[in-house]
Amino acid sequence: MKTDLERRVISTLALALGPDLMVSIESARSNTPAWDSLKKVEIIFILEEEFDVQFTESELIELESVHSIVAILKDHGIT
Amino acid sequence: MALHNYILEGLAFRLRPVQLEDAENIVELRATSERTQFIHPIPSSVDRQVDWINYYYTKESDYYFIVEKMKDFSFEGTVALYDVNEGHAEWGRWVLRKGSLAAPESAMLIYRLAFELMNLDRVYCRTLVANKSVLSFHDRIGMSQKQLISNAFNIGGCDVDAIEHRMENADWREAQNKLENESRLVYRLLTR
């Protein structure tokens with residue numbers, strides 16, 4: 001059962017990656033071709049705006065999957 | 001000789017010539033890259049990588065770079081422009097650290113080298129068909145000319161197909177705008 005946070009991250013990514021893509025809890029850059037290097041930058045800004053956070057440089061490197069995004073947002077106190 | 005002294009500086013990243021001292025970083029990068037299945041394997045020995053760099057120095061028309069962060073010149077990856085001949089060249093050896101944000105700017109700097117400093121007519125790159133996110137990158141910056149190259153590479157003993165993307169000098173301005181915009185966004189992220 002997905003948490004509210006997981007659902008929000010998934011829906012945010014779905015908006016960023018487009019309607020033709022099915023984003024799931026297992027989605028990651030490694031298995032999602034559309035989540036390329038250009039899209040990653042866009043996603044970072046979208047996430048920061050959506051969740052009102054500012055990622056550190058080391059966190060930026062880790063924003064590679066739904067799981068890692070959720071974990072990092074939790075570190076920022078987002079539930 | 002392939003020794004060159006091109007240094008191309010962007011906002012957050014730069015390209016500088018490869019040196020023998022880079023061998024260890026290169027070996028680690030290519031061994032730990034999440035895209036190892038999409039790139040030619042290299043010997044895991046640093047000594048053999050040093051030998052390869054020395055061999056590279058004997059090659060003509062080959063410009064191999066280290067990608068570094070501007071702020072502290074830390075190692076970020078590699079990229080190269082090679083087979084420069086009659087106004088054309090190929091670029092590749094493009095491997096970046098996991099999670100790196102250097103892709104837009106490192107690509108931009110290689111194109112800048114090719115089209116602005118060398119005034120080449122055309123640049124192409126070949127990407128394994130299975131390396132879909134890199135293919136997506138090339139598609140999205142406007143490399144609209146592309147073709148399938150069957151059995152383009154032999155990776156791990158298997159012949160694999162590749163997509164060859166091409167960019168003409170006349171198309172560079174539009175792609176440059178996209179890459180510069182992305183590079184500026186990355187710079188904002190890394191310098192706030």
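What volume does the largest cavity have? We come back to that at the end of the tour, and it should be kept in mind throughout that the model is predicted.

Begin by selecting the strands of chain B, where 8 of them form an open sheet of mixed pairing, in the order β1-β2-β3-β4-β5-β6-β8-β7. At its edges lie β1 (8–9) and β7 (145–155) of chain B, each of which pairs on one side only.

Next, select residues 62–69 and 75–85 of chain B, the strands β3 and β4, which run antiparallel and are joined by 7 bridges. Within this pair, Glu68(B) stands opposite Phe75(B) of β4(B).

Helix α2 of chain B, residues 46–56, touches β3 and β5 (88–96) of that chain, and its direction makes about 125° with that of β3(B). Helix α4 of chain B, residues 132–140, touches β5, β6 (122–128), β7 and β8 (158–168), and its direction makes about 155° with that of β6(B).

Because 13 of its 15 residues are buried, α3(B) is largely enclosed by the rest of the structure. After this helix comes Asn119(B), with a positive phi near 55°.

Finally, select Glu57(A) and Ile61(A) together with Phe13(B), Lys69(B), Glu76(B), Ser100(B), Leu101(B) and Leu190(B), which line the largest cavity. Its volume is about 50 Å³, and the structure holds 1 cavity of 30 Å³ or more.

Terms used. Residues are numbered from 1 along each chain as its sequence is written. Chains are lettered from A and ligands numbered from 1 in the order in which they are written. This is a predicted model: local features need pLDDT of at least 70, side-chain atom pairs count only at pLDDT 80 or more; totals for chains, interfaces and linings use all residues. Side-chain values use heavy atoms; hydrogens and water are left out. Buried means under 20% relative accessible area, exposed over 50%, partly exposed in between (1.4 Å probe, protein chains only). Helices (H or I, at least four residues) and strands (E, at least two) are DSSP runs, numbered from the N terminus. Two strands pair if DSSP finds at least two bridges between them. Contact means heavy atoms within 4.5 Å. Axes are lines fitted to C-alpha atoms, for helices over the stretch in contact, and angles run from 0 to 180 degrees between N-to-C directions. On a 1 Å grid over the protein atoms alone, a cavity is a set of points where a 1.4 Å probe fits but cannot get out, and a pocket is an open set with protein on both sides within 12 Å along at least five of seven lines; lining residues have an atom within 4 Å of a point. Grid points are joined across faces, edges and corners, and a volume is the space filled by probe spheres set on the points.
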